[in-house]
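Please keep the structure open beside the text and find each part as you read.

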Amino acid sequence: MNRRLQPVSAHDAAEESPTFARLAQLARESAERLRAVERLIPPSLRPAVRPGPIEGTTWCLLVNGNAAAAKLRQLLPALIAELANRGWEVNSIRLKLGSGQK
């Protein structure tokens, strides 16, 4: 059998696989959550924060550096309250330290 393999975009692959579709949907939702609370994060701190995985009612933020994580930890109650106001059920936000890479 001489079968040609055609390239498939990540978007098309995600639509054809329930697992990938769910992961893509969670990634979009995580980015939406960060946009929803971004105004509560000081502008100088925003570049150090990226959206992370969603696991049930726990959301993870990827943070570059201990100082940024310490400041963000102080903001967690306000971030959780804002997410609740916007209809997301988030009981906790976990912070994960990462490198400066994007």
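1. Helices (H or I, at least four residues) and strands (E, at least two) are DSSP runs, numbered from the N terminus, and the expected span of a helix is 1.5 Å times one less than its number of residues. Helix α2 (residues 18–37) has 20 residues and reaches 29 Å from its first C-alpha to its last, which is close to the 28 Å expected.

2. A word on the source: this is a predicted model, in which local features need pLDDT of at least 70 and side-chain atom pairs count only at pLDDT 80 or more, whereas totals for chains, interfaces and linings use all residues. Residues are numbered from 1 along each chain as its sequence is written, and side-chain values use heavy atoms, with hydrogens and water left out.

3. Which residues of α2 are buried? With buried meaning under 20% relative accessible area, exposed over 50% and partly exposed in between (1.4 Å probe, protein chains only), they are Leu 26, Glu 29, Ser 30, Arg 33, Leu 34, Ala 36 and Val 37. They cover an arc of only 155° around the axis, taken from the directions from the helix axis to the C-beta atoms, and therefore lie on the same side of α2. These buried residues pack against β1 (49–55), β2 (58–64) and α3 (66–85), where contact means heavy atoms within 4.5 Å.

4. Arg 33, found in helix α2, is buried with a relative accessible area of 3%. Leaving aside neighbours within four places in sequence, Arg 33 is in contact with Ile 54, Trp 59, Leu 83, Trp 88 and Val 90.

5. A nonpolar core is a set of buried Ala, Val, Leu, Ile, Met, Phe, Trp, Tyr and Cys residues joined through side-chain atoms within 4.5 Å. Of the 23 residues in the largest such core, Trp 59, Leu 61, Leu 72, Leu 79, Ile 93 and Leu 95 touch the most other members. The elements that give two or more residues to this core are α2, β1, β2, α3 and β3 (92–98), and the largest share, 7 residues, comes from α3.

6. Strands β2 and β3 pair in the parallel sense over 7 bridges, where pairing requires that DSSP finds at least two bridges between two strands. Asn 64 has Gly 98 in β3 as its bridge partner.

7. Pro 42 lies in the loop between α2 and β1 and, at 25% relative accessibility, counts as partly exposed. Although Pro 42 and Lys 71 are 29 residues apart in sequence, they are 9.4 Å apart in space, C-alpha to C-alpha.
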